[in-house]
Amino acid sequence: METVLLEGNEACARGALAAGCRFYAGYPITPSTEIMEFMSRELPKLGGMFIQMEDEMGSMGAVIGASLAGVKAMTATSGPGFSLMQEHIGFASMAEVPCVIALVMRGGPSTGLPTQPSQADVMQAAWGTHGDHPVIVLSASSAYETFDLTIKAFNLAERYRTPVIMMTDAIVAHTREAVTLPDADVEIEDRPQPTGTPEEFMAYADPGNGVPPMPPFGDGYRYHVTGLCHDVRGFPTTRSDEVDFLLRRLLSKITRDSDRLQWFDRWHENSETMVIAHGCVARAALRAVRQVRDKGLDVGLIKPKILWPFMSTTISNVLDNCRRVLVPEMNFGQISREVERVNQGRCEIVTLNKVDGTAITPPEIVQKLEEMQL
Amino acid sequence: MSTENCSQSYPRYEIRIAGSGGQGILLAGIILAEAALLDRKYVAQTANYGPEARGGNSISEVVISDGEIDYPSALEVDLLVALSQEACDRNLAGVKEGGSVIVDSNLVPNVPWQTAACLPFGEIARKAGEKRAINMAALGAVASFCPAVSADSIIAVMAKRLPAAKVEINQQAFNEARQAADNLRAQSQAYQNQSEADA
């Protein structure tokens with residue numbers, strides 16, 4: 001095992017290569033650009049393909065095309081670029097094209113604060129594209145976690161045939177830390193393949209688990225791909241029974257697996273006061289929790305690594321066992337609203353919101369936790 | 001899913017290198033962090049800079065510890081290196097009581113800190129044959145002041161990270177500055193001993 005100093009962005013790119021990503025299309029944007037730089041350098045060495053596109057819309061289109069041809073594909077971006085990608089992310093959801101979008105959050109709205117961190121795109125990651133659609137969003141708080149979760153992001157994209165958002169922020173992306181790279185090949189999942197003949201192939205029929213097989217284009221299995229509501233052959237339809245079947249299958253292929261998608265780290269999860277924090281804020285929260293525990297306060301921490309679908313089961317269990325919860329966030333309260341939705345009045349929910357382009361620090365969380373005990 | 005025991009936070013040594021964009025502030029931090037990793041320490045290196053490619057404020061922080069680092073940015077700076085007056089003015093407040101301050105004596109004329117080490121890093125770099133080696137010269141002083149990372153490791157990482165043609169010149173600037181810093185510390189120690197003896 002080799003231990004190297006990597007920044008979050010480099011760890012993301014390395015994780016992608018380890019997961020089998022062989023196509024990258026993107027448009028550079030701070031603070032995500034190092035992912036693109038790394039891919040431009042390393043992908044060709046592995047026989048992969050790298051394209052700098054004319055913009056983020058084109059990038060997402062190229063990623064979808066590569067994935068339809070059977071290649072694991074990704075792009076990376078930040079706030080303004082992520083906004084531009086939304087239309088094609090919806091297309092990838094609808095046409096069920098596996099792909100990974102690394103989203104490195106910076107201050108917004110608009111061009112906002114290019115070099116500074118934020119967590120204000122949590123809701124956009126889920127609902128940036130229109131229509132009811134399935135969504136998977138992962139959140140990393142360190143370079144190692146970025147490496148690990150990027151591999152998992154590709155696996156989830158392939159398993160469920162859906163776009164997966166791999167989310168970090170300007171701090172995690174640019175923090176260099178030791179990452180121990182695995183010697184052996186990591187566990188990799190690939191999209192399901194058809195077992196029948198091309199003649200009998202139904203591209204969007206439900207094989208039972210909600211995820212239809214996906215042969216690469218050009219392999220003889222001919223089918224139609226569209227953003228319109230489609231029947232099991234992939235052709236546009238407005239028949240209400242076919243539309244209803246499609247939309248319910250799209251959503252349920254992920255929600256039926258929600259018990260498998262409760263990924264989090266926990267410290268003292270049975271404490272009277274719990275902190276729920278993700279990304280760079282979880283780092284400050286961990287230090288703050290340690291400091292107030294040294295002072296005798298009964299405080300624990302839950303760090304979600306998967307933000308969407310929201311881990312309602314896990315959070316509900318936490319809320320059953322504590323009296324109050326602090327949700328520190330670098331936005332006006334996006335995860336805290338989800339926590340309140342699950343809470344249904346059981347516990348006191350306290351928020352700590354910072355939107356000035358600087359990180360939430362351990363002393364700020366300590367102060368809030370001490371105020372909460374009064 | 002994982003559960004971790006909540007042990008106490010480990011003691012940290014925090015270094016902040018500050019200057020203006022283009023001085024190689026980030027690279028200095030990265031080399032320092034890789035050297036700490038080579039010394040088998042836990043390390044986190046973070047950066048803060050503006051949208052400009054040149055000029056503007058640039059900060060690189062390195063936190064070194066014997067144990068896991070929870071919060072990766074500096075909280076109470078043990079050692080500040082400032083390579084511009086503005087960098088010094090903006091960052092002095094973050095230095096903890098008893099912390100060390102190192103500045104370029106030509107670029108930072110005013111240092112309102114009792115025991116600052118003022119050394120001509122730019123001049124040392126120029127004499128070594130490459131004025132851009134100012135960042136590596138500053139690292140020489142860091143190696144002298146900072147007990148958490150070894151000079152040998154910094155030199156080894158410089159050889160790996162810098163363009164081959166420039167390694168020797170940079171290492172020379174590093175060594176010159178380190179020697180100058182060692183001398184300064186020896187003088188200051190002698191002065192302090194003398195003061196105590198006089199008292």
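These are my notebook entries on a predicted two-chain model, chains A and B.

**Ground rules.** I number residues from 1 along each chain as its sequence is written, and chains are lettered from A and ligands numbered from 1 in the order in which they are written. The model is predicted, so I keep to its cut-offs: local features need pLDDT of at least 70, side-chain atom pairs count only at pLDDT 80 or more, and totals for chains, interfaces and linings use all residues.

**Entry 1: chain B.** I started with the elements. Helices (H or I, at least four residues) and strands (E, at least two) are DSSP runs, numbered from the N terminus. Chain B has six helices and seven strands. Their order from the N terminus is β-β-α-β-β-β-α-β-β-α-α-α-α. Next I looked up the radius of gyration, taken over C-alpha atoms, and the globule rule, 2.2 Å times the number of residues to the power 0.38. Chain B comes out at 17 Å, close to the 16 Å that the rule gives for 199 residues, so it is as compact as a globular protein of that length. Its C-alpha trace spans about 55 × 50 × 30 Å along the principal axes.

I then checked burial. A residue is buried if 20 or more other C-beta atoms lie within 10 Å of its own, exposed if 12 or fewer, and partly exposed in between, with C-beta atoms placed from the backbone. Of the 199 residues of chain B, 49% count as buried. For contacts I use C-beta atoms, placed from the backbone, within 7 Å. Among contacts in chain B between residues at least 6 apart in sequence, 63% join residues at least 24 apart.

**Entry 2: where A meets B.** The contact draws 24 residues from chain B and 25 residues from chain A. On chain B, the elements giving two or more residues are β1 (2-3), α1 (25-38) and β3 (42-49). The largest share, six residues, comes from β3(B). By class, this side of chain B has 13 nonpolar, eight polar and three charged residues. Here Ala, Val, Leu, Ile, Met, Phe, Trp, Tyr, Cys and Pro count as nonpolar, Asp, Glu, Lys and Arg as charged, and the others, Gly among them, as polar.

I also looked for strand pairing, which takes at least two DSSP bridges between the strands. Strand β9 (residues 176-181) of chain A pairs with β3(B) in the antiparallel sense over two bridges. A:E177 stands opposite B:A44 there.

**Entry 3: domains of chain A.** An automatic or database domain assignment supplies the bounds. Chain A divides into domain 1 (2-181) and domain 2 (266-373). Their C-alpha centres lie 26 Å apart. The contact takes 24 residues from domain 1 and 19 residues from domain 2. The domain 1 side has 15 nonpolar, seven polar and two charged residues.

**Entry 4: the core.** A nonpolar core is a set of buried Ala, Val, Leu, Ile, Met, Phe, Trp, Tyr and Cys residues joined through C-beta atoms within 7 Å. The largest has 172 residues, and A:M166, B:L32 and B:A138 have the most contacts inside it. α1(B) gives the most to this core, with 10 residues. Both domains of chain A give residues to this core, so it lies between them. I listed some partners of A:M166, including A:C12, A:V100, A:L138 and A:A153.

**Entry 5: a hairpin in chain A.** Strand β5 (residues 99-107) of chain A pairs with β6(A) in the antiparallel sense over two bridges. A:R106 stands opposite A:P117 in β6(A). Five residues separate the two strands of this hairpin, and A:S110 in the turn has a positive phi of about 55°.

Conventions:
Lists of a residue's contacts leave out its neighbours within four places in sequence.
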